[in-house]
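Biologist: Before I rely on any of the terms used for this protein, I would like to see each one set against its definition. Could you take me through them in turn?

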Amino acid sequence: MFEQIQRVPGDAILGLIEAFNKDTNPNKVDLGVGVYRDAEGTTPIMRAVKEAEALLLKNETTKSYIGSHGDPRYAKVVLPMVLGEDSPVLAAGRASLTQSPGGTGALRLAADFIHTQLPGKGIWVSDPTWPNHLGIFEAAGVTLRKYPYVDAENRLDFPGMLAALKEIPEGDVVLLHACCHNPSGFDLNADQWQQVLEVVKDRKLLPLIDFAYQGFGDGLDEDAYGVRLLAENLDEALITSSCSKNFGLYRERTGALIAIAGDNEQMENVRSQIAIVARENYSNPPAHGGAIVAEILESAELAKQWREELTEMRNRINGLRRDFVEALKPFELDEKYAFIAEQRGMFSYTGLSPEQVDRLREEFGIYMVRSGRANVAGLASENLPYVAKAIAAVN
Ligand SMILES: Cc1ncc(COP(=O)(O)O)c(C=O)c1O
């Protein structure tokens, strides 16, 4: 039977990594990869994580199953991190957390939950969005449609977004990026979140907020602004959280699906269904990453150290954004690209065309996705002038 199976092309980003590794240009720069890089170009293990792992190694007493909702210690520290220490939603017992294999696992839980428990409801995602959103919801059998997000001038198309949200059929699900929009880097401000809230209320939509980069934009609490606004002003919401980026736990697969319901009773009903979805997918989530997060956030000392390290990462990214625009000044391109300093998170829609991206790769050894998305964390103070000069050459 397997003779009928067609081979599909590999992931475009993986192909890019391969080509980058083969490139012999001594000045080559990798802006394609989707992980944080420090000034040395590595994705380090955070010091707080190393310390927590040492404690776990010493104190862990069992490798038994942790249950479909995961480790209660993890839930206890992640809920306030996401919803806020003094969240009225938490106080009212309206929020449930299910530990998941990364943010991706949480999205798949949400997708299966929507498919089985909210039959007929479609999901609306931003155009563009993280490509895996499309695959996850399609694989789960949820009808997916798009609302505009970036305009032809490569700016946030908020009027277009809002107008489209107003047309979404009542009861459908709308996927919103909490912060650090991937791939564009364009985030909503407080006033825009308020307007989204009004439309979501009016149209009785269910928000699914993807929170994969908490702490990478403006700060742990600042980045949660939209999440908390919606959670506190709506009866129902779904949130997918990830510790891949902010704890650097990419391969440990550490995430969560948070479900908010109208009251405690409804929350428990929803929670019981999510347990079934988790069980049918993978039974229990992997434990190690969640245990690290719990170990860190339960310790005032480790939590402080982790926050400092996260601040370092955030400041590096935001500093590079400003320095990059500055490096474009000699070429009189700083105004044209000023938006790069305003975007947030690792990713930036540069507005470069696929042809310009190809030229950057072929002529300068600068690698990025053909959509023009660049990972700002792939820059370093030493290569800024080189990248700026290359961008000027293709402009
Ligand atoms: C928008 C968005 N959501 C979710 C994820 C999932 O991350 P993970 O499954 O690694 O936690 C990512 C990762 O790149 C992302 O960019």
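Modeller: Two strands are said to pair if DSSP finds at least two bridges between them, while strands (E, at least two residues) and helices (H or I, at least four) are DSSP runs numbered from the N terminus. The model is a predicted one, in which local features need pLDDT of at least 70 and side-chain atom pairs count only at pLDDT 80 or more, whereas totals for chains, interfaces and linings use all residues. Residues are numbered from 1 along each chain as its sequence is written.

Biologist: What joins strand β3 to β5, and which residue stands opposite Val173?

Modeller: Strand β3 (residues 123-127) and β5 run parallel and are joined by 2 bridges, which meets the requirement of at least two. Ile123 is the residue that stands opposite Val173 in β5.

Biologist: How many bridges hold β5 and β6 in their pairing?

Modeller: There are 5 bridges between β5 and strand β6 (residues 206-211), again in the parallel sense, and here Val173 stands opposite Leu206.

Biologist: Why is strand β5 called largely enclosed?

Modeller: A residue counts as buried if 20 or more other C-beta atoms, placed from the backbone, lie within 10 Å of its own, as exposed if 12 or fewer do, and as partly exposed in between. In β5 (residues 173-177), 5 of the 5 residues are buried, so the strand is largely enclosed by the rest of the structure. Val173, Leu175 and His177 point one way and Val174 and Leu176 the other, and all are buried.

Biologist: What makes the unit of β5, α8 and β6 right-handed?

Modeller: A crossover is right-handed if, with the strands pointing away from the viewer, the path from the first strand over the helix to the second runs clockwise. The β-α-β unit made by β5, helix α8 (residues 190-202) and β6 is assigned that hand.
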